[in-house]
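Please find below a short note for a colleague who is meeting this structure for the first time.

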Amino acid sequence: MIERLPAHTPLTDALEAQESGDGGAWYKTQQEHWMGWLAEYAGPGAYGREDGNRDARFVYGRFQCSPGLLWLAEAGGVDPALVRAGRDAILAAQGRPATKSAAFRRVVPWQVVQVALEGHQQGRDRKTSGLGEAPKVNTERGIEAFLAVLEDEPE
């Protein structure tokens, strides 16, 4: 799925330009960052992982690059207002990359991204089948999915 998303998105590109550090990253885009990070996920990778058999929700919760999380939401079709709110949470957060990533995930939880990505995939499937584009994923649908998951989780 990540390979099929656009490599550049306006909010992510602007955030990276605003917060650019030493420019020493091994990747040129957040898409490339995700692809490289996931390519090593089945094994120990650069972080000495013990178990690479994890689902997408787990991976989203462990990715500690806030621009990468922003890119995934933006490129994946999360409602633009919610994506902007997530970006604002990153900008307001102080400290380490983990802190900024957590701030983003509080605004844009996995369930919202999952619904958007599923809608994005359905849109691709509809285009290739000649049925036209699927409807855009909106914030309300994502929040409904998120709340449904919360109702199922123990306190």
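This is a predicted model: local features need pLDDT of at least 70, side-chain atom pairs count only at pLDDT 80 or more; totals for chains, interfaces and linings use all residues.

The points below go from the overall fold to individual residues.

1. Secondary structure. The protein chain contains eight helices and zero strands. Followed along the sequence, its elements give the pattern α-α-α-α-α-α-α-α.

2. Burial and surface. The protein chain has 155 residues, and 38% of them count as buried.

3. Contacts along the chain. Among contacts in the protein chain with a separation of 6 or more, 69% involve residues 24 or more positions apart.

4. W37 lies in helix α2, which covers residues 30-39. Is W37 buried or exposed? W37 is buried, because its relative accessible area of 11% falls under the 20% limit used for that class. Between W37 and V59 there are 22 positions in sequence, and their C-alpha atoms are 9.9 Å apart in space.

5. Charged pair. How many salt bridges does a search of the whole structure find? The search finds one. The partners are D88 and R87, whose closest N and O atoms are 3.0 Å apart. In general, side chains of opposite charge can pair when their charged atoms come close.

Technical notes: Residues are numbered from 1 along each chain as its sequence is written. Side-chain values use heavy atoms; hydrogens and water are left out. A salt bridge is a side-chain nitrogen of Lys or Arg within 4 Å of a carboxyl oxygen of Asp or Glu. Helices (H or I, at least four residues) and strands (E, at least two) are DSSP runs, numbered from the N terminus. Buried means under 20% relative accessible area, exposed over 50%, partly exposed in between (1.4 Å probe, protein chains only). Contact means heavy atoms within 4.5 Å.
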